[in-house]
Amino acid sequence: MKLDGFGILVKDMGTMIRFYRDVLGFEIKEAEDTSNVFLEKDGTLFLLFGRKDFEQMTSHRYGYAEGENGHFEIALSVENYAEVDKAFAEVVAKGAKPILEPTTEPWGQRTCYVADPEGNLVEIGSFQP
């Protein structure tokens with residue numbers, strides 16, 4: 001099997017589209033008014049599924065975390081440590097919620113975390129000083 005992409009189940013499609021497109025720079029691959037939206041970032045397919053539509057499609061109800069949650073993270077890399085700091089400042093200025101300000105970890109990675117509007121964690125990091 002080959003990883004083709006990944007998706008998240010969202011409550012507010014419009015808000016989430018605007019965050020991933022306008023704040024993080026994901027490219028939309030189809031119309032915004034659909035119940036499932038395909039985006040792409042650096043060749044990776046990223047899907048936003050409307051929760052109600054996905055539940056109807058699968059004939060199953062799911063539990064959802066509220067607020068910041070640790071179910072998964074989306075990891076984005078940048079060129080070097082300075083770019084981590086710059087990207088953090090830019091995405092926070094555009095509306096991302098800061099979770100962890102840029103810090104250099106003992107294993108040599110400079111990393112930071114923000115949350116999307118529904119509390120999913122997004123990491124921005126680099127191993128290059």
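This section describes the strands, helices and nonpolar core of a predicted model.

Strand 4 (residues 44-50) pairs with two strands whose directions relative to it are given here in turn. Strand 1 (residues 5-10) runs parallel to strand 4 and is joined to it by 6 bridges. Within this pairing, Gly5 has Leu45 of strand 4 as its bridge partner. Strand 3 (residues 36-41) is paired with strand 4 in the antiparallel sense, also over 6 bridges, and Val37 stands opposite Leu48 of strand 4. Strands of a sheet pair through backbone hydrogen bonds, in either the parallel or the antiparallel sense.

Strand 3 and strand 4 form a hairpin, with 2 residues between them. Asp42 lies in the loop between these strands and has a positive phi of about 50° although it is not a glycine. Asp42 is exposed, its relative accessible area being 73%. A positive phi also occurs at Ser59, another residue that is not glycine, with a value near 55°. Ser59 is placed in the loop between helix 2 (51-58) and strand 5, where it is exposed with a relative accessible area of 67%. Most residues other than glycine have a negative phi.

Helix 1 spans residues 13-23, and Met13, Met16, Ile17, Phe19, Tyr20 and Val23 are buried in it. An α-helix has 3.6 residues a turn, so residues three or four places apart point the same way. The N-terminal end of helix 1 is capped by Asp12, a side-chain oxygen of which lies 3.4 Å from the backbone nitrogen of Gly14. Just after the helix, Gly25 takes a positive phi of about 80°.

A further set of 4 strands forms an open sheet in the order 5-8-7-6, with mixed pairing. Strand 5 (73-77) and strand 6 (97-104) stand at the edges; each has a single partner strand, so one side of each is left without a neighbour in the sheet. On average, neighbouring strands of the sheet are turned by 15° against each other, direction ignored. Inside this order, strand 7 (residues 110-115) and strand 8 (residues 121-126) run antiparallel and are joined by 6 bridges. One of the paired positions is Arg110, whose bridge partner in strand 8 is Ser126. Helix 3 (residues 81-93) packs on the sheet and touches strand 6, strand 7 and strand 8. The direction of helix 3 makes about 15° with that of strand 7.

The largest nonpolar core has 25 residues, of which Tyr20, Leu24, Phe46 and Leu48 touch the most other members. Two or more residues each come from strand 1, helix 1, strand 3, strand 4, strand 5, helix 3, strand 7 and strand 8. Helix 1 gives the most to this core, with 6 residues. In soluble globular proteins, nonpolar side chains tend to be buried together. The surroundings of Phe46 can be listed individually. Leaving aside neighbours within four places in sequence, Phe46 is in contact with Phe6, Ile8, Tyr20, Phe26, Val37, Phe38, Leu39 and Ile74.

Technical notes: Residues are numbered from 1 along each chain as its sequence is written. This is a predicted model: local features need pLDDT of at least 70, side-chain atom pairs count only at pLDDT 80 or more; totals for chains, interfaces and linings use all residues. Side-chain values use heavy atoms; hydrogens and water are left out. Two strands pair if DSSP finds at least two bridges between them. Axes are lines fitted to C-alpha atoms, for helices over the stretch in contact, and angles run from 0 to 180 degrees between N-to-C directions. Contact means heavy atoms within 4.5 Å. Buried means under 20% relative accessible area, exposed over 50%, partly exposed in between (1.4 Å probe, protein chains only). A polar contact is a pair of N or O atoms within 3.5 Å; within protein, one must be able to donate a hydrogen and the other to accept it, and residues adjacent in sequence count only if both atoms are side-chain atoms. A nonpolar core is a set of buried Ala, Val, Leu, Ile, Met, Phe, Trp, Tyr and Cys residues joined through side-chain atoms within 4.5 Å.
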